[in-house]
Amino acid sequence: MYDSAASQVQQVSDLLDIHDQWDIVKLSSMFNSAVISHILSIRPPDESDMHDKLIWGLNAKNAFDIKFAYAFLNGGTWDSESRCWKVIWTLQVPQRLRLFLWISYKDKLMTNVEHCRRSLCQQSLCHCCHATPETLTHSLRDCKYVKGIWSRLLLPQHFDSFFCCDFRSWLVINVVNAELHPALGIPWHLLFASTL
Ligand SMILES: [Zn+2]
């Protein structure tokens, strides 16, 4: 819409002529041809019409709903039946840990690599070791300082396999492992989630 003409239009009815039809001259002074042809395809407002009101057209009640909005923004990829969804959200740990696991699984943590990708910083290296870009896998598993923490909890026979798969597989494998830790007597998935 062009600014000078737009300032004279307060409501849609200002774009109608004396016969309550779209005023082509006014429209032409404000919009390009593509917009005008779109407007002309819409029935002009009529005095007998109901008053405008806000509605949310994505559910049957026309009322805004966080669940529908989330599903819409996710492009229909939401799947509450997926295995990892159930595994993480039914884990018997505080909600903040479940949330952290889920955010990690969805690769939504703001690592330095992610900061750089969004031009929020210049340096993508890990704050701890200053040797490797701080990816999700590096910050939660592979950094030498983090490995030091994991190595105190892992049994020697599990050490090699623990550090060898991709991040998502690694997270799920450990979150479903309810084996008791032989020394601590705590199920591994609870220990894992808390340590993570
Ligand atoms: Zn590091």
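User: Which domains is the protein chain divided into?

Analyst: In this predicted model, the protein chain is divided into domain 1, covering residues 3-40, and domain 2, covering residues 91-195.

User: And what separates their centres, taken over C-alpha atoms?

Analyst: The centres of domain 1 and domain 2 are separated by 58 Å when they are taken over C-alpha atoms.

User: Switching to helix 11, which of its residues are buried?

Analyst: Helix 11 runs over residues 167-175, and its buried residues are Phe 167, Trp 170, Leu 171, Val 172, Asn 174 and Val 175.

User: What do those buried residues pack against?

Analyst: The buried residues of helix 11 pack against several other helices, namely helix 5 (83-89), helix 6 (95-105), helix 8 (136-142), helix 9 (144-153), helix 10 (159-162) and helix 12 (188-195).

User: Which residue caps the N-terminal end of helix 11?

Analyst: That residue is Asp 166, which has a side-chain oxygen lying 3.3 Å from the backbone nitrogen of Arg 168.

User: Are Asp 49 and Arg 43 buried or exposed?

Analyst: Asp 49 is partly exposed, with a relative accessible area of 31%, whereas Arg 43 is exposed, with a relative accessible area of 56%.

User: OK, what does Glu 114 pair with?

Analyst: The side chain of Glu 114 meets that of Arg 117 in a salt bridge of 2.6 Å, N to O, and the side chain of Glu 114 also meets that of Arg 118 in a salt bridge of 2.9 Å, N to O. Through salt bridges that share partners, Glu 114, Arg 117 and Arg 118 are joined into one network.

User: Where do Glu 114 and Arg 117 lie?

Analyst: Both lie in helix 7, which spans residues 112-117, and they are 3 residues apart, which is about one turn of the helix.

User: Is Glu 114 buried or exposed, and why?

Analyst: Glu 114 has a relative accessible area of 16%, and it counts as buried because buried means under 20% relative accessible area.

Note on methods:
Residues are numbered from 1 along each chain as its sequence is written. This is a predicted model: local features need pLDDT of at least 70, side-chain atom pairs count only at pLDDT 80 or more; totals for chains, interfaces and linings use all residues. Side-chain values use heavy atoms; hydrogens and water are left out. Domain bounds come from an automatic or database domain assignment. Buried means under 20% relative accessible area, exposed over 50%, partly exposed in between (1.4 Å probe, protein chains only). Helices (H or I, at least four residues) and strands (E, at least two) are DSSP runs, numbered from the N terminus. Contact means heavy atoms within 4.5 Å. A polar contact is a pair of N or O atoms within 3.5 Å; within protein, one must be able to donate a hydrogen and the other to accept it, and residues adjacent in sequence count only if both atoms are side-chain atoms. A salt bridge is a side-chain nitrogen of Lys or Arg within 4 Å of a carboxyl oxygen of Asp or Glu.
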